[in-house]
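User: I would like to see how the terms used for a structure follow from their cut-offs. Please show the structure and then take the terms in turn.

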Amino acid sequence: QILLGLSDICGIDPDFERKIFCLDSILGSFGNAFVNGNLSSSRIGRMLQIQFDNDWKMNSAYLSSYFLEKTRVTSYGTGERSFDIFYQFLAGATKQQREQYRLFPADHFYYLNQGGVTSVHQINDKKNFEKLNSGLECFNLSSQEQEFIWRNLAAILHLGNIKITRSFEEYSDIENPETVELVANLLKIDFVTLINVLLVCVNDIQGESFKVPYSVEQAAESRDLLAKILYGGLVQWLIATLNKNLTGICIPNSFFGIFDFAGYSDYEENHSISQFYINYINEKLHQFYLRNIFKDEIEHAIRDLSLIHI
């Protein structure tokens with residue numbers, strides 16, 4: 001609504017306007033999730049700077065992101081879901097994509113089924129995936145760039161299905177090495193390298209490297225950490241790619257910002273350190289708004305009244 005109002009006043013490039021509105025569907029897919037009490041809760045903070053050309057016409061933008069809730073990739077509360085993009089991808093993938101990336105219904109993947117909810121009646125994941133594809137095409141993402149997105153999403157999903165078991169002497173092992181091989185192929189890395197990342201810790205002591213096998217718990221943490229790193233890297237790469245398509249000739253330091261931040265959540269148990277940070281920042285933002293909207297205005301009004309009295 002803000003953009004529509006400003007476009008009537010300042011004017012806006014039609015192609016740029018289309019990209020801005022497509023941006024919302026892309027960020028919604030990768031940054032939003034179904035949580036208790038909210039069908040599409042933002043789980044990432046973002047700042048969109050709308051910039052102006054020499055005629056004060058909106059023609060470019062720059063997007064920044066903050067505090068992506070990466071823990072939601074691997075764990076979340078009962079009755080909730082992981083990020084929307086995973087469910088949209090599985091609901092809207094073509095037959096070729098299903099075969100190429102070995103895709104199955106959402107309840108087949110551990111990272112998507114642990115909350116007990118894989119589909120929501122009010123959410124049309126397939127339709128939202130179509131909107132996402134339209135948005136990616138609006139930003140002129142090449143087929144190779146889109147394939148990079150789908151490969152990484154599939155790799156993360158299959159990574160969660162790698163089963164860690166106990167071997168001799170309390171060390172860990174892989175129960176289904178064929179899934180590790182599939183993930184390695186999707187990420188285009190060596191199979192043995194991925195096995196070592198999952199099962200072995202390398203310590204450097206006085207210039208010498210020592211390999212220490214992980215326990216089952218440590219190996220599971222290593223697997224989940226890799227999934228969170230992959231998703232966080234994918235989102236950052238996507239934002240950088242979108243920014244390349246939002247640039248234009250603009251007046252230096254002339255912009256207005258639209259800030260959106262993940263909402264406050266009250267869990268019965270501590271959900272994650274990320275949610276603690278999110279809740280803390282929300283409290284600070286509310287204090288800022290209250291101070292500037294009410295306290296400062298009241299102080300100005302008191303000063304005005306005192307001047308009138310004098």
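Analyst: The buried residues of helix 9 are covered by, among others, helix 7 (143–159), strand 6 (172–174), helix 8 (177–187), strand 7 (200–205), strand 8 (208–213) and helix 10. Helices (H or I, at least four residues) and strands (E, at least two) are DSSP runs, numbered from the N terminus. The model is predicted: local features need pLDDT of at least 70, side-chain atom pairs count only at pLDDT 80 or more, and totals for chains, interfaces and linings use all residues. Residues are numbered from 1 along each chain as its sequence is written, and side-chain values use heavy atoms, with hydrogens and water left out.

User: Which residues of helix 9 are buried, and how do you know that they line one face?

Analyst: In helix 9 (residues 191–199), Leu194, Ile195, Leu198 and Leu199 are buried. Seen down the helix axis, these residues fall within an arc of 115 degrees, so they line one face. The arc is taken from the directions from the axis to the C-beta atoms.

User: Why is Lys188 called exposed?

Analyst: Buried means under 20% relative accessible area, exposed over 50%, partly exposed in between (1.4 Å probe, protein chains only). Lys188 has 61%, so it is exposed. Lys188 is in the loop between helix 8 and helix 9.

User: Why is helix 3 called largely enclosed?

Analyst: Seven of the nine residues of helix 3 (residues 84–92) are buried, so the rest of the structure largely encloses this helix.

Note on methods
Contact = heavy atoms within 4.5 Å.
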